[in-house]
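Have the viewer open as you read.

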Amino acid sequence: MKLHERLEPASIVPPTTASGDPRLGQLFGTQPETVQIIGFPSDEGVRRNGGRPGAALAPDAIRAQLYKMTPDPRHPEMAELARSVRDLGNIRMSGDLEADQECLGRIVAGGLEAGRKVIVLGGGHETAYGHFLGYAKDGFPVCIVNFDAHADVRELKEGLGHSGSPFRQALEHPSGICRSYDVAGLLPWSVSKAHLEYVLSRGGKAIFRDELDLAAVCHLLHGRSERILATFDIDAVEQASSPGVSAPGAGGMPLELWLAAAAEAGRAPNVHSIDIVETNPNFDQDFRTARLAALTVWHFLRGLTERKR
């Protein structure tokens, strides 16, 4: 099956508004593309990891909120950037997670090869391993920066990856493409000593929630020579703002810092792709979590308009 046959259009219809009130969903895809959006509607990795299924519904739930947002009226360049964003739709799931991750990798690789910035809408955090495979297929060395309450370096289960294992899989990938893995926003009651030691033994940084501020975020995202894959697990945010997640917790990042990190990822020259994962519409309240995920994309796009190169 050809790659384009593995993609299906999103089921969300862009809003219809007056010409003087354009929304992102109306602007997307009206100029040659520089940014691609890909949906990965999977929660098989969450099931394998014992979490709450439902993240497979997230890509279109996020789009429903994103499409109706306006570009920043203070910065006309954001509307221009939005015109060059192309939403490729969702990968059609086959029921074979490993094959689906390979498919996501091939599509991400195509975007990276073409010089596009790539935004992946998960799905559980197994999304991030398929996302990483795009770099492995292209042979691009990459540093991974993960904003997360958990380290997600668990061992495989009966030889199978899951939503808790993507960064162990990336670090141990035979290509050696993953040059570093840093994780920020960790909750000390959600991280085992063994997992912390694994991250540190691989030369990574592990920043706990009470150690994280904007200066630390900027340090993670700027000043690297390799490409950066930034991954945003929405369960890292304080629960009042993100009730609909696969693995609920308490005591997470404040909303302002989370959104500032997304904008900083947009500004950082070496961030070539991001993903937003673990939104679970089955447990959302008033679309709060889906709206936050959409705002994460909005802030990333807003940051891209300030990128120096």
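## Helix α3 and residue D60

Helices here are DSSP runs of H or I with at least four residues, numbered from the N terminus. With that in hand, D60 belongs to helix α3. Please keep in mind throughout that this is a predicted model.

Is D60 buried or exposed? Its relative accessible area is 17%, and the cut-off for buried is under 20%, so D60 counts as buried. Setting aside residues up to four places away in sequence, D60 touches A10, S11, I12 and N90. For a sense of distance, the C-alpha atoms of D60 and T16 are separated by 18 Å, and these two residues are 44 places apart along the chain.

## Two buried loop residues

S42 sits in the loop between β2 (35-40) and α2 (44-48). Its relative accessible area is 4%, so S42 is buried. Which residues is S42 in contact with, leaving aside its neighbours within four places in sequence? They are A55, A56, M93, L97, G123, G124 and E126.

H173 is another loop residue to look at, placed between α7 (166-171) and β6 (178-186). With 18% relative accessibility, H173 counts as buried. Apart from residues up to four places away in sequence, H173 touches Y129, F132, L133 and A136.

## Salt bridges across the chain

Side chains of opposite charge can pair when their charged atoms come close. How many salt bridges does the count come to? The total is 21.

One of them joins E8 and R92, whose closest N and O atoms are 3.4 Å apart.

A second example is the salt bridge between the side chains of R302 and D72, with an N to O distance of 3.1 Å. Here the pair links distant parts of the chain, 230 residues apart: R302 is in helix α11 (residues 288-304), and D72 is in the loop between α3 (58-66) and α4 (76-83). Both R302 and D72 are buried.

K137 and E102 also meet through their side chains in a salt bridge, at 2.5 Å from N to O. K137 lies in helix α6 (residues 127-138) and E102 in helix α5, so the pair ties together parts that are 35 residues apart in sequence. K137 is partly exposed at 37% relative accessibility, and E102 is partly exposed at 32%. Elsewhere, salt bridges with shared partners join D72, R74, E264, R267, R302 and E306 into one network.

## Cysteines

How many disulfides does the count give? The answer is zero. C143 shows why for its own case: the closest cysteine sulfur, in C178, is 7.5 Å from the sulfur of C143, which is too far for a bond.

C143 is buried, with 2% relative accessibility. C103 is buried as well, at 0% relative accessibility.

## Pocket and cavity

Rolling a probe the size of a water molecule over the atoms shows where empty space is left. The largest pocket holds about 270 Å³ of space. It is lined by 19 residues, and those closest to its centre are N49, H150, D152, R154 and A247. What classes make up the lining of the largest pocket? It has four nonpolar, 10 polar and five charged residues.

The structure also holds one cavity of 30 Å³ or more. About 50 Å³ of space lies in the largest cavity. Its lining consists of L187, D235, V237, E238, Q239, S242, V245, P248, G249, A250, G251 and G252. By class, the lining of the largest cavity has five nonpolar, five polar and two charged residues.

Methods. Residues are numbered from 1 along each chain as its sequence is written. This is a predicted model: local features need pLDDT of at least 70, side-chain atom pairs count only at pLDDT 80 or more; totals for chains, interfaces and linings use all residues. Side-chain values use heavy atoms; hydrogens and water are left out. A salt bridge is a side-chain nitrogen of Lys or Arg within 4 Å of a carboxyl oxygen of Asp or Glu. Buried means under 20% relative accessible area, exposed over 50%, partly exposed in between (1.4 Å probe, protein chains only). Contact means heavy atoms within 4.5 Å. On a 1 Å grid over the protein atoms alone, a cavity is a set of points where a 1.4 Å probe fits but cannot get out, and a pocket is an open set with protein on both sides within 12 Å along at least five of seven lines; lining residues have an atom within 4 Å of a point. Grid points are joined across faces, edges and corners, and a volume is the space filled by probe spheres set on the points. Ala, Val, Leu, Ile, Met, Phe, Trp, Tyr, Cys and Pro count as nonpolar, Asp, Glu, Lys and Arg as charged, and the others, Gly among them, as polar. A disulfide is a pair of cysteine sulfur atoms within 2.5 Å.
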